[in-house]
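Please read the following briefing alongside the sequence and the coordinates. It takes up confidence, then sheets, then helix packing, and finally charged pairs.

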Amino acid sequence: MKDFITSEIKNENAVLVGLITPEQNEETVNEYLDELAFLAETAGLVPDKRFVQRLDMPNSVTFVGTGKLQEIAEYVLDEDNEVGVVIFDDELSAKQIRNIEKELKLRILDRTSLILDIFAMRAQTSHAKAQVELAQYQYLLPRLTRMWTHLERQRGGGGVIMRGPGETQLETDRRIILDKISRLKQELKDIDKQKTVQRKNRGKLVRIALVGYTNVGKSTLMNLLSKSDIFAENKLFATLDTTVRKVTIENLPFLLTDTVGFIRKLPTNLIESFKSTLDEVREADILLHVVDISHPAFEEHIDVVEKTLYEIDKTEKPTIVVFNKIDAFSYIEKDEDDLTPKTRQNTSLAELKQSWMSKLKDNAIFISATERTNIDELKSLIYEKAKEIHIQRFPYNDFLYQQYDEES
């Protein structure tokens, strides 16, 4: 029996669809579609053509307008284009999915279901798999149609739920999913208890959590600081499972945690399902917010991460903003006679450092994890922040900070 979370999309051409609305202009939509293309590639798909339409709001029946949907249909139904899936950059309702599938006669994904598919592919441990499966069933529940009759054959435990008197197949499927959601929640509750015990057993060491947008280099930095070998890849959500390592800088030990990356429009169900993973963020003493400064939209990424962190934990924590990938940073210098307004693309790294970033003072550092640039400076900064907390926690234990190599 095939596991529900196993992805079935591989090496298919994918068409991407986005909307320009009063809330998001053309430039923003293109950035979103670039990210959607990256998500598609991470899922093993081949991004093909893009369709964009300007609307005041998504069409409640077909997301895009009737004419645009017909235009998409003409393209995807042309056998020469070999399109296997159409991906919409926003979450679709059950009615929208049903009507779009009826017109396009292809598999339809929205941004949320694509992210869930990637999480399903990336999940390695039973814990991560249970978290993803719960999020998938919670996403599926309000979108149930007769197409989900296969669920009856997938029920765990070897049993088959029989339909009650007068119960429709849709009602049966809904009951099966609710049963699965209940079972998965209990399973994750049990895991949460185990994780809580594990965290308590770590003692009172200072805890530092790596947070940030997906694919900013958190795992690479984790490997560098902890001298470990965590999977790092130039793909979104390369790792899902939280990794905790004991790290010592000079003579101060602390715990360093690598967490799952955030992303725009991160499904609420995923945040809730990954509660135990994100508990590492809640219980951290210090956050290392890693930012890919070479990305054109890095400022928006910072905003997305900060908003998500606020959803997870409204407590303010000491935070070091680590601007990574300075080796990949580039900008276009404006001509002296160019009188058009200066944009982000025309701003040098030196100018950025003198902008709002200067207000961060000692709470920011610019590095390249791959080139190991300014890593020693980063370690010194972490050491000073961790030492402050350690002194508060152990006010009479100052032996860690003796510099024995100094002349007496």
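The confidence that the predictor assigns to each residue is called pLDDT, and it runs from 0 to 100. This is a predicted model, and pLDDT stays under 50 over residues 403-408, a stretch for which the model has three contacts beyond four places in sequence. For the chain, the mean pLDDT is 82, with 83% of the residues at 70 or more.

**Confidence along the chain**

- Residues 146-162 also form a stretch in which pLDDT stays under 50, and for these residues the model has 35 contacts beyond four places in sequence.
- The segment 403-408, by comparison, is given three such contacts beyond four places in sequence.

**The four-stranded sheet**

- Four strands, in the order β2-β1-β3-β4, make up an open sheet with parallel pairing.
- The edges of this sheet are β2 (46-54) and β4 (107-110), each of which pairs on one side only.
- Direction ignored, neighbouring strands of this sheet are turned against each other by 25 degrees on average.
- Strands β3 and β4 run parallel and are joined by four bridges, and within this part of the sheet valine 85 stands opposite arginine 107 in β4.
- Helix α4, which covers residues 111-122, lies across β3 and β4 and runs at about 90 degrees to β4.

**The six-stranded sheet**

- A further open sheet has six strands in the order β6-β7-β5-β8-β9-β10, and here the pairing is mixed.
- Its edge strands are β6 and β10 (364-366), each pairing on one side only, while neighbouring strands are turned by 25 degrees against each other on average when direction is ignored.
- The antiparallel pair in this sheet formed by β6 (residues 243-249) and β7 (residues 252-258) extends over seven bridges, and threonine 248 has proline 253 of β7 as its bridge partner.
- Two residues lie between the strands in the hairpin of β6 and β7, where glutamate 250 takes a positive phi near 55 degrees.
- Strands β5 (residues 207-212) and β8 (residues 286-292) pair in the parallel sense over five bridges, with glycine 212 standing opposite valine 290 in β8.
- Helix α11 (residues 298-312) packs on this sheet and touches β5, β8 and β9 (319-324), and the direction of the helix makes about 150 degrees with that of β8.

**Packing of helices α8 and α13**

- The axes of helix α8 (residues 218-226) and helix α13 (residues 375-393) come within 12 Å and cross at roughly 80 degrees.
- Because crossing angles of 65 to 115 degrees count as roughly perpendicular, α8 and α13 are therefore described as roughly perpendicular to each other.
- On the α8 side the contact is made by Leu221, Leu224 and Leu225, and on the α13 side by Ile375, Leu378, Lys379 and Ile382.

- Side chains of opposite charge can pair when their charged atoms come close.

Conventions: Residues are numbered from 1 along each chain as its sequence is written. Side-chain values use heavy atoms; hydrogens and water are left out. Axes are lines fitted to C-alpha atoms, for helices over the stretch in contact, and angles run from 0 to 180 degrees between N-to-C directions. Angles under 35 degrees count as roughly parallel, over 145 as roughly antiparallel, 65 to 115 as roughly perpendicular and the rest as oblique. Contact means heavy atoms within 4.5 Å. Two strands pair if DSSP finds at least two bridges between them.
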